[in-house]
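Here's a quick briefing for anyone opening this structure for the first time.

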Amino acid sequence: MRIDPLSVSNDAGIRLNAACVALSGKTVLHSLSLHLTERRIGIIGRNGSGKSTLLHLMAGLIAPASGTVSVSGINPVTDRKGALRALGILFQNPDHQILFPTVIEELSFGLVQLGTPRAEASACALALLARHSRTGWANAPVATLSQGQRHWLCLMSVLLMEPATILLDEPLAGLDLPSQTRLTRAFAALPQRLITISHDPAVMETQDRVIWLEQGAVIADGPPTTILPAFRAEMHRLGEADADTDLPR
């Protein structure tokens, strides 16, 4: 990887200015204004709080109904190639991300999208596999990989494009402990800015900044030592109150 931590710290980051998102006529994100520049950022909240919608907004997969979003100074909706260079995304379910039948094809795809000749993209992918002692994976059918191996494949596909920022959507959910350990170690070593979305406060403890999202709005933003105790206390209170008995409005 050629990403320099200093270049990441000097990057413009992700900026949301009064950004709103409406889905099926319902406002899901309410006038969010955030400037995300830290190297390790966590976004925490209950299921349905708007975390995944926020991830899709930052990635340019959906456009704001009002307000603006910029990633490294570009509009991720209108400049898709620029967005691919600036930002990568690792979905919770790797099967929502994988497009091709073999490992080498999947690894090469992002580079080809960026304009790299196919032969050069394949060579870069093979070199990456060699660095990780996985040369034998090159022509393996993706369907033969385990869940953890498919997560690793998706991460490597993103890293080949060398984005300054990577979005992680519940990156450890559904994985066994060895896979969680390997991915956690890999994430910790990355020079990129990582923005991790999760409902699990344990995942957030090593972040530089934690943003608490509730019903599409930010209700707290600060260091994990401040945000996580309050989040845990509120989640405990809601659990004791049996707070899911009302129908959504």
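The secondary structure of this protein comes to nine helices and nine strands (helices are DSSP runs of H or I with at least four residues, strands are E runs of at least two, and both are numbered from the N terminus). The radius of gyration is 19 Å, close to the 18 Å that the globule rule gives for 249 residues, so the protein is as compact as a globular protein of that length (the radius is taken over C-alpha atoms, and the rule is 2.2 Å times the number of residues to the power 0.38).

Some ground rules before the details. This is a predicted model, where local features need pLDDT of at least 70 and side-chain atom pairs count only at pLDDT 80 or more, while totals for chains, interfaces and linings use all residues. Residues are numbered from 1 along each chain as its sequence is written, and side-chain values use heavy atoms, with hydrogens and water left out.

**Overall picture**
- Along its principal axes, the C-alpha trace spans about 55 × 40 × 35 Å.
- Buried residues make up 47% of the 249 residues (buried means under 20% relative accessible area, exposed over 50%, and partly exposed in between, with a 1.4 Å probe and protein chains only).
- Take the contacts between residues at least 6 apart in sequence: 67% of them join residues at least 24 apart (a contact means heavy atoms within 4.5 Å).

**The cores**
- The largest nonpolar core has 34 residues, and Val103, Leu107, Leu155 and Phe187 have the most contacts inside it (such a core is a set of buried Ala, Val, Leu, Ile, Met, Phe, Trp, Tyr and Cys residues joined through side-chain atoms within 4.5 Å).
- Two or more residues each come from helix 4 (103-113), helix 5 (118-131), helix 6 (147-159), strand 6 (165-169) and helix 7 (177-189), and helix 6 gives the most, with seven.
- Another core lies apart from this one, with 26 residues, among them Leu29, Ile41, Val71 and Ile197.

**Strand 7 and its partners**
- All six residues of strand 7 (residues 193-198) are buried.
- Arg193, Ile195 and Ile197 sit on one side of strand 7 and Leu194, Thr196 and Ser198 on the other, and both faces are covered.
- Strand 3 (residues 40-44) pairs with strand 7 in the parallel sense over five bridges, and Ile44 has Ser198 as its bridge partner (two strands pair if DSSP finds at least two bridges between them).
- Strand 6 also runs parallel to strand 7, joined by five bridges, with Leu168 opposite Thr196.
- Strand 6, helix 7 and strand 7 make a right-handed β-α-β unit (with the strands pointing away from the viewer, the path from the first strand over the helix to the second runs clockwise).

- Arg209 is found in strand 8 (residues 209-214) and is buried, with a relative accessible area of 12%.
- A polar side-chain atom of Arg209 lies 2.7 Å from the backbone oxygen of His35.
- Ala83 lies in helix 3 (residues 80-86) and is buried too, at a relative accessible area of 5%.
- Leaving aside neighbours within four places in sequence, Ala83 is in contact with Ile74 and Pro76.

Key:
A polar contact is a pair of N or O atoms within 3.5 Å; within protein, one must be able to donate a hydrogen and the other to accept it, and residues adjacent in sequence count only if both atoms are side-chain atoms.
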